[in-house]
Amino acid sequence: MLKACCQSILNSIKTLLANKVRSFLTMLGIIIGVAAVIIIMAVGAGAQSLILAQVKTLGTDKVGVLPGNSDDDGPPTSAMGIVITTLKYEDALALNKKINVPNLVDVVAYSKGVATVTWENHSYDTNISGTTVGYIPVEGGEVAKGRFFSEEEETNLSRVAVLGSTVKEELFGDSEAVGKRIKIKKHSFEVIGIMKERGTVALQDYDDQIFIPIKTMQKIVEGVDHLGMIRAKVDYEENIDKAIDDMKMTLRDQHDISNQSGEDDDFTVRSAAQALDMITIVTNALKYFLAAMGALALLVGGIGIMNIMLVNVSERTKEIGLRKAVGANNKNILLQFLTEAITVTILGGVIGIIVGVLISLVIAIGANFLGYDWEFIISPWSIVMGVGVSASVGIIFGLYPARKAALLEPVEALRYE
Amino acid sequence: MLIKVKNLKKEYKTDEIVTKILHGLSFEIEKGEFVAIMGPSGSGKSTLMHIMGLLDSPTKGEYFLNDKNVTSLNDAESAIIRNEQIGFVFQSFNLLPRTTVLENVKLPLTYSKDKKNHDKKAKDILNRVGLGHRLGYHSNQISGGEKQRVAIARALVNNPSVLFADEPTGNLDSKSGIQIMEILQRLNKEGNTIIVVTHETFTAEHAKRIIKIKDGIIEDDSPVKKQRIAKEGSILK
């Protein structure tokens, strides 16, 4: 049985080789389809890994609070660029109390803006982050020179600034910055520290900003009294859900919201993990959509195969008649043509996989060359899918021509010219 | 009794029109005979051969091969009998293109239950038809006469009970035609039953018995008084 099977596959390959150009053209649709599926899956996985890695460096033990309510899965309203003023400095203080949320290590409140900063005749546009002293405990980062501002400076409207490394470079170049006075929106600030270079993570440039005490930011620079967001660090990842619940209750208490269902909330508490899930959902959707396009290419390839097989059957009608005359039954003929169709598609599938993997590899190498931390991921599923789909295409689209061949009347077939 | 045909009828229906090809033929053929079925084109001789070769089935009547009623077998059953008991030689050779002589001869063996010694069997039979030196040639690299000898070898490779030859010399020049008839006569002498279908009296006279068919009935069925012996030099019209 196995020998007969091998024999018929060998015969199919012989037949295919006898007609190289046609066989290749038949395979082309399958090659392109399978390669497309592999590349799309690999690029999708690579891009996903890139985004996820970036988000993960932000820390999965972080919880963010944004002003405004939101659906569970949708983005918070504040992300749409609408300014909501419901989040206050006092909220951050309340969250930071162990009585309210025992699982939080520390809390940082933000009020962000953009401003032109000048020192002597140098000026530079950068991000101004008004933060609390909780910044380093929550977000990480190190002071390279000087110091970060103190709790006292946070509340007493001190005009002190800590520069990100890019800002220091742009304004001061190689000269000493700590102790100098810079101007932010015409307000004079003393530089008390320089942050260590940290790079860009999740599209956020850590180095291109200036940190000043939050009260100073609100009262002197921006003239507001609300917060942009609050971020908190949870002691252990497994406590995140509990911490989120505690935070919500604390904020409802702060804002006099009695409805505990969350409907009346004027804030959104969300963990980095939830944000990750959202990103994954979006990138997955994109990936599957593109894979479906690849599958469409496979379908077209399959129809091409059916076409060629039909031509093949009518061209070889006489051969079919002869085979029947020397003892082939309908099943033999059916299997012969089906084997040919499946051989063509599987061969095409294998070539497609090789082409797809190679192109994905080139993309990954290229992306890494450009400095992205791009992982070369070929999921076993895409290989299984590639071979499986191409074999099914062979069976489905080979069956009709093969059946047509098998049911030819021997006499009619022999007479065929 | 090798072949027994009883009141064999064949008609084709296309739409409402019924075309009668064979009108109730009856005859018997013994093992070892060399029979020519002769008749003009349209007489039904090819249809008769197709029915006897189990490539077609009669509308009415019965057909016994080796004392077994094979009138109405299904596809798989008749395929086995075609494979094991019947050999065909066609006017247009019907060799597989882009395939070697040896592979062509082995073709019936691939559908056979016997899975052993395919190469040896094919080579032996090719030697018997004088083509032992052409094993590796492709079917398009040999002459017409050689092609027909390959076809004969293919027909005989499974050692069938009967060999059907449909106008075996029809596509050949007279010299090659003589060679083919010579081989058929030799095979008959060696004990093979041979049935040649032809419209030529000259070819038919190489057989030992001629069944003449005209308009679907047997016009005459008698032994050849003086069998022509095919040898180099005799001329095939």
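Residues are numbered from 1 along each chain as its sequence is written, and chains are lettered from A in the order in which they are written. Because the model is predicted, local features need pLDDT of at least 70 and side-chain atom pairs count only at pLDDT 80 or more, while totals for chains, interfaces and linings use all residues.

**Exercise 1. State how many helices and strands chain B has, and what percentage of its residues count as buried.**

Step 1. Helices (H or I, at least four residues) and strands (E, at least two) are DSSP runs, numbered from the N terminus. Chain B has seven helices and ten strands.

Step 2. A residue is buried if 20 or more other C-beta atoms lie within 10 Å of its own, exposed if 12 or fewer, and partly exposed in between, with C-beta atoms placed from the backbone. Chain B has 237 residues, and 45% of them count as buried.

Step 3. Two residues are in contact if their C-beta atoms, placed from the backbone, lie within 7 Å. Among the contacts in chain B with a separation of 6 or more, 69% are between residues 24 or more positions apart.

**Exercise 2. Give the strand order of the six-stranded sheet of chain B and identify its edges.**

Step 1. Two strands pair if DSSP finds at least two bridges between them. The six strands follow the order 6-7-8-3-9-10 in an open sheet with mixed pairing.

Step 2. Strand 6 (86-89) and strand 10 (217-223) of chain B each have a single partner strand, so one side of each lacks a neighbour in the sheet.

Step 3. On average, neighbouring strands of this sheet are turned by 15° against each other, direction ignored. Axes are lines fitted to C-alpha atoms, for helices over the stretch in contact, and angles run from 0 to 180 degrees between N-to-C directions.

Step 4. Within this sheet, strand 3 (residues 34-38) and strand 8 (residues 193-198) of chain B are parallel and share five bridges. B:F34 is placed opposite B:I194 of strand 8.

Step 5. Helix 1 (residues 45-52) of chain B lies across strand 3, strand 7 (162-166), strand 8 and strand 9 (209-214), and runs at about 150° to strand 7.

**Exercise 3. Describe the four-stranded sheet of chain B.**

Step 1. This open sheet has the order 2-1-4-5 and antiparallel pairing.

Step 2. Its edge strands, strand 2 (17-29) and strand 5 (68-69) of chain B, each pair on one side only.

Step 3. Strand 4 (residues 60-65) and strand 5 of chain B run antiparallel and are joined by two bridges. B:L65 has B:K68 of strand 5 as its bridge partner.

**Exercise 4. Determine which strands of chain A pair with strand 7 (residues 187-195), and in which sense.**

Step 1. Strand 4 (residues 143-146) of chain A pairs with strand 7 in the antiparallel sense over three bridges; A:G146 has A:G193 as bridge partner.

Step 2. Strand 5 (residues 160-163) of chain A runs parallel to strand 7, with four bridges; A:L163 stands opposite A:I194.

Step 3. Strand 6 (residues 181-184) of chain A is antiparallel to strand 7, also with four bridges; A:R181 stands opposite A:E190.

Step 4. Strands 6 and 7 of chain A form a hairpin with two residues between the strands, where A:K185 takes a positive phi near 45°.

**Exercise 5. Describe how helix 3 (residues 101-110) and helix 5 (residues 144-156) of chain B cross.**

Step 1. The two axes come within 7 Å and cross at roughly 30°.

Step 2. The crossing is right-handed. A crossing is left-handed if the near helix is turned anticlockwise from the far one by less than a right angle, and right-handed if clockwise.

Step 3. Helix 3 contributes B:V101, B:N104, B:V105, B:L107 and B:P108 to the contact, and helix 5 contributes B:V150, B:A153 and B:R154.

**Exercise 6. Describe the side of chain A that touches chain B.**

Step 1. The contact takes 14 residues from chain A and 17 residues from chain B.

Step 2. Helix 10 (317-325), helix 11 (330-369) and helix 13 (410-415) of chain A each supply at least two residues of this side. Helix 10 of chain A gives the largest share, five residues.

Step 3. By class, this side of chain A has seven nonpolar, four polar and three charged residues. Here Ala, Val, Leu, Ile, Met, Phe, Trp, Tyr, Cys and Pro count as nonpolar, Asp, Glu, Lys and Arg as charged, and the others, Gly among them, as polar.
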